[in-house]
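Here's a walk through one model, going from a pair of aromatic rings out to helices, strands and sheets. Keep the viewer open and follow along.

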Amino acid sequence: MLRHDKGCAAVQKHTTFSPVTLITPTASMSAAVHGGRAKCLQRLVRLDLPVPTTVALSFAAVAEIARGGLSDVTEILAPFGDAPLLSVRPSSQDPDWGGPGAILNIGMNDARHAALSQTLGEATATALYLRFVQAFALHVARLDPEAFDLPGEPTAVALSRMLQAYEDETDEPFPQDVDEQLAEVLRSMARAWDGTTARLLRQAKGAPEDAGLGLVVQEMALGVGQGLCGSGVIQFVDAATGAPQITGRYLSQSQGREALSAPSGAIYLTRDPRGPSLEDDAPEVFEALCTYGALVRSRLREEMQIEFTIENGHLRIIDAVRVHRANRAAVRIAVALAEDGIIPRDEAVMRVDPGALSEMLHRQVDPDAARDRIVSGIAASPGAATGRIVLTADEAQASAARGEPCVLVRRETTPEDIRGMHAAKAVLTVRGGITSHAAVIGRGLGLPCVVGASDLEIDRKHGLIITPGGRKLRAGDIITVDGTSGEVLAGEPAMREAALDGAFQTLLAWADTFRDIGIRANADTPKDAQTARNFAAQGIGLCRTEHMFFEGDRLGVMREMIFANSPEDRRAVLTRLLPMQRADFAALFEIMEGQPVCIRLFDPPLHEFLPSDRAGLRDLAAQLALPLAEVTARVEALSEYNPMLGLRGVRLGITVPEIYDMQARAIFEATVAAHGRNRMVVPEVMIPLVSAKREVELVKGRIDAVAAAVQSESGVAFTYRLGVMVETPRAALRAAEIAQHAAFLSFGTNDLTQMTYGLSRDDAGRFMSTYVKQGVFPEDPFHSLDIEGVGELLSIGAARGRAGRPKVVLSICGEHGGSRSAIAFCREHGFDYVSCSPFRVPAARLTAAQLALLDREELQVESEV
C-alpha cells in the first residue's frame, strides 16, 4: 500500500510513548509501537463510537513482560474501577501476522459469580465463569484439555467440578484476584508470541523475525442481560466479489444460556428461521451499525468488519478489522474507494497485489473444495482445469474433436506437442522447470500447467500414470491440474470462474497513467496477439516464428525442407510456406493496429521438427517416399549432443540462409499489404542467439536485399528495424560493436540465465528446490531474475550497447519480463520496455505503476527531509 506513514520515523524520534496507554482521542499512539488493533481502536474512539474503556500495552512493554518484568498491574487496572471484567487481545503491527488468542471474562471469580447470578441469572453467570476457567486452564496454565470440557448445562455442580479439576492439576485453588489473573494472562500471551511455532507462523505470513506484539486490555461488553442482548459482526461488502452487501452474524445472549441465533441470509437473522431479524427487532441498533459502517469506511479509508455487542438495547463497538477478501473483491473495493473519493487513485493502485490480477484471469479451484492430491510439481502457468488424461498430442486432438476436455500428460513437451497443447485444457509434465517448453507455451496460451512432477511415472505401453504412492490412473480418467498451486488432483473439484469486470479494467487504466516503462507481450500466433491486445499490451516484444510451423500441414512441409538436398530444393519447398507465414504476419499487424511487432527469426535446431520414435520415423518415410533406413540415418545425422548450444538461431540462418530469406520476404510482403489497407507498419526483425558482430552483418545484408527486392516488386516504400536478441554472455559483453548494426537489443533472459549458470532450464527443476532450500541460490534463477549475476551482464550489455549506439532501444523479452524484480531492474537501468506472456501483461502493467509510485514517494520524502 502507498502508506509508509510519512514522517513516522521523525515523529517517533520526538514522541515519548508510554508503555501503558489509556486509549483516548489524544493519546500518543502508533501502530509501529502499539500495534494495528490498538491504533484502530483509537480511531474508533476519535469517531465517537461507543468503544468500551481500553488500555494498550506497547511492544516494548509486552517484550518486558515476556522476560518476567511485570511487577504489578495497578497502572493497567486503574481506568477500569473496582471488580472489572476484562478481555485481552493481541495487537501486532500488521493484523495478518496474527498473535495469541483472546482471553475473555478476566475478573470472574466466586464473588463476581454470585453478584452476576443476582442480576443476570445463575445459568448465565455460571456459563461466563465456566468459559473463563476453561480458557485460563488451557491457554494460561497450559493444562490437559480433557479435564476442562464445557458441560452440556451450566450448573453449580459443573462449575465446582471444573474448579476442583484446576486445583487438582495445579495444587493451587483457582486465582480469585483480578490482579493475579490479569498478570498471568499477560505473561502467557507475551511468552506465546516468542514461541518457536508462533515465530514460524508469522514469518510465513511475511512478518520480520523481530516483529513486536502489543496487547489491548478492554472492559468486557458482555452482550447479556434481561432485555435485547447479543453480539455479532457486520460488514458491508461481499468478501468474495467486493459488491456492496450487508453480511455477518448475530448471536443472541451469546455468552449466557445457549445461543439461539446465527446468520440466515444477507441480513442478520436468528438461527431459528421463524425468529425476527436484527433489522426488524432492533431497527435503531441496525441503523446505528449501518451509520457507523459508513463512517468507518470514510474515515478509516477501508472496508471494515465491525464487532459489536448489544446489552439491554445499548450498542457497544468492540473492534473493527479490515474485511478479509478474495482477490476479485480486493480490486473492486480499491476502485470503489477511489471512485467515492475516499482514497486517491494512486493509493488504489498500490493496494492491489499484482498477483491478484493473474488469479482473476483464470479459473481456480474453489478454496473450500476438497482436494484429492495425487502429485505435486512446479506451478508453471496459473489457473486450473479438469479433463481426461491423454498421453499424446494426437490423443489430445482427438479428444478435443469429440468435445471432451482433456489434460495432456507428457514426460516433457517438444515443439511437436504444441498442437496437442492447443487442444488440451491443461498440461502436466514429469520433467521441466519454470522456463521449460511446456511452461513457456502454457503461459503464452493461458493454459494451466504443472511441470517437474518428477515423482510421477508414465507407462505409455499400458496407458497409465503412476503416482508416488503407487496409485494408478488410466488414460481417460479425470484429473485436475492446478497451475496456481502446482498440485494435480484426482477428479473434478468445484471451480471458481475467472472474474474480469469493470473494476479490473479501471484499475489498470489508472495504473497506465503512473507507469514509466512500456509493457509488450510475447505472442506467437494471431490468437496470442489478440489476447495481448485485449490486455492492452503496447505491442509484441517477441514473436517466436518457429511455433507457426507446427500449425496444420506446415510441419510436413517443414520436414520436406529439412530433407531437401540443395539450396534450390529448399527454396522450392519454402515457397509453399511463404504464403502461410505472410498470412500469419499480416494477421499480427492487423490485430496490433499499428503497435510495434517484433518478429524473431527462426531459432530452434532442425531436429525438433523430426520424430524420435520408430512409429514417427515410419510415418515420415511414407510421407517423403524415402526408405526408412535413409530417413533414420538423416535424423541421426541431424542429432546433436547439446542441441540448445548447437546449430540453431543465427547459426542456422547463416548456414541455411533460405529459411531467413523466406521469413524476411513474408514479413515485408505482409508489411506492404498492411500499407495497402492504410495501416502504417514498421516491423521489427530480430536475429536470435547472436554472439558476434559479423553474424549480424551477414544476416543484415541478406535481409536488406530482400527488403529492397520487395519494395521494387511492389512499388511500396517501407521501413523496418533490425535488432538482436542478446542471449549469450558474449553478445552482452560485445554489445557496443553489435549495437552499431542493430536498432534494438532485446535481452532473452531465459537462455542468458541458462548460459550464465551452465544450467539446463529443462532439467534444473529436478534439483533446484534442494539448491534453494540449502541456500545455494536464494531463488530459482529461471523464476526470479538473478540481479547479481545475470543482472550484471544485462547492465554491462545495456551500457555498452548505448556506447555503440546512443539511441539503441533496450528491452527484456524472456519470461522474467513480467516479474517485479525484472521490471524494477529495467526501470533502474533505463530500459524502454519489458515483454512477457500475454496473461502476465495485466500484472506487469500494475507492477510497473507501483514501482513508479514508490519511487515518486521516496523522492517526496527525501525532499521533505
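## Rings in a helix

Phe132 and Phe136 sit about one helical turn from each other, because they are 4 residues apart in helix α7. Helices here are DSSP runs of H or I with at least four residues, strands are E runs of at least two, and both are numbered from the N terminus. Before going on, a word on the ground rules: this is a predicted model, where local features need pLDDT of at least 70 and side-chain atom pairs count only at pLDDT 80 or more, while totals for chains, interfaces and linings use all residues. Residues are numbered from 1 along each chain as its sequence is written, and side-chain values use heavy atoms, with hydrogens and water left out.

Searching the whole structure turns up 16 aromatic pairs. To pair, rings of Phe, Tyr or Trp (its six-membered ring) need centres within 6.5 Å; planes under 30 degrees apart are called stacked, over 60 edge-to-face, and the rest tilted. Two of the pairs go into the table.

| Pair | Centre distance | Plane angle | Class |
|---|---|---|---|
| Phe132 and Phe136 | 5.8 Å | 65° | edge-to-face |
| Phe602 and Phe609 | 5.4 Å | 25° | stacked |

Are Phe132 and Phe136 buried or exposed? Both are buried, where buried means under 20% relative accessible area, exposed over 50% and partly exposed in between, with a 1.4 Å probe and protein chains only. Phe602 counts as buried as well, because its relative accessibility is 0%, and Phe609 is buried with a relative accessible area of 0%. Phe132 and Phe136 also belong to an aromatic cluster, together with Tyr129, Tyr166 and Phe174.

## Helices and a buried arginine

Now look at what α7 packs against. The axes of α6 (residues 110-120) and α7 (residues 122-140) come within 7 Å of each other and cross at roughly 145°. Axes are lines fitted to C-alpha atoms, for helices over the stretch in contact, and angles run from 0 to 180 degrees between N-to-C directions. On the α6 side, the contact uses Asp110, His113, Leu116, Ser117 and Leu120, and on the α7 side Glu122, Thr124, Ala125, Thr126, Leu128 and Tyr129; contact means heavy atoms within 4.5 Å. Sorted by class, that makes 5 nonpolar, 4 polar and 2 charged residues. For that sorting, Ala, Val, Leu, Ile, Met, Phe, Trp, Tyr, Cys and Pro count as nonpolar, Asp, Glu, Lys and Arg as charged, and the others, Gly among them, as polar.

Elsewhere, helix α12 (residues 283-300) holds Arg297, which is buried with a relative accessible area of 18%. Which residues does Arg297 touch, not counting residues up to four places away in sequence? They are Glu302, Glu303, Ala336, Leu337, Asp340 and Ile342.

Helix α33 (residues 820-828) has Ala822, Ile823, Phe825, Cys826 and Arg827 as its buried residues. After α33 comes Gly830, with a positive phi near 70°.

## Strands and sheets

Strand β6 (residues 230-237) runs antiparallel to strand β7 (residues 244-252), and 7 bridges join them; strands pair if DSSP finds at least two bridges between them. Val233 has Arg249 of β7 as its bridge partner. The hairpin of β6 and β7 has 6 residues between the strands, and Gly242 there takes a positive phi near 85°.

Strand β25 (residues 597-600) is covered on both faces: Val597 and Ile599 are buried on one side, Cys598 and Arg600 on the other. β25 is parallel to strand β24 (residues 540-544), joined by 3 bridges, and Arg544 stands opposite Arg600. β25 also pairs with strand β26 (residues 684-687) in the parallel sense over 3 bridges, where Ile599 has Val685 as its bridge partner.

An open sheet of 8 strands with mixed pairing runs in the order β11-β21-β20-β13-β14-β15-β16-β12. Its edge strands, each pairing on one side only, are β11 (373-376) and β12 (378-381).
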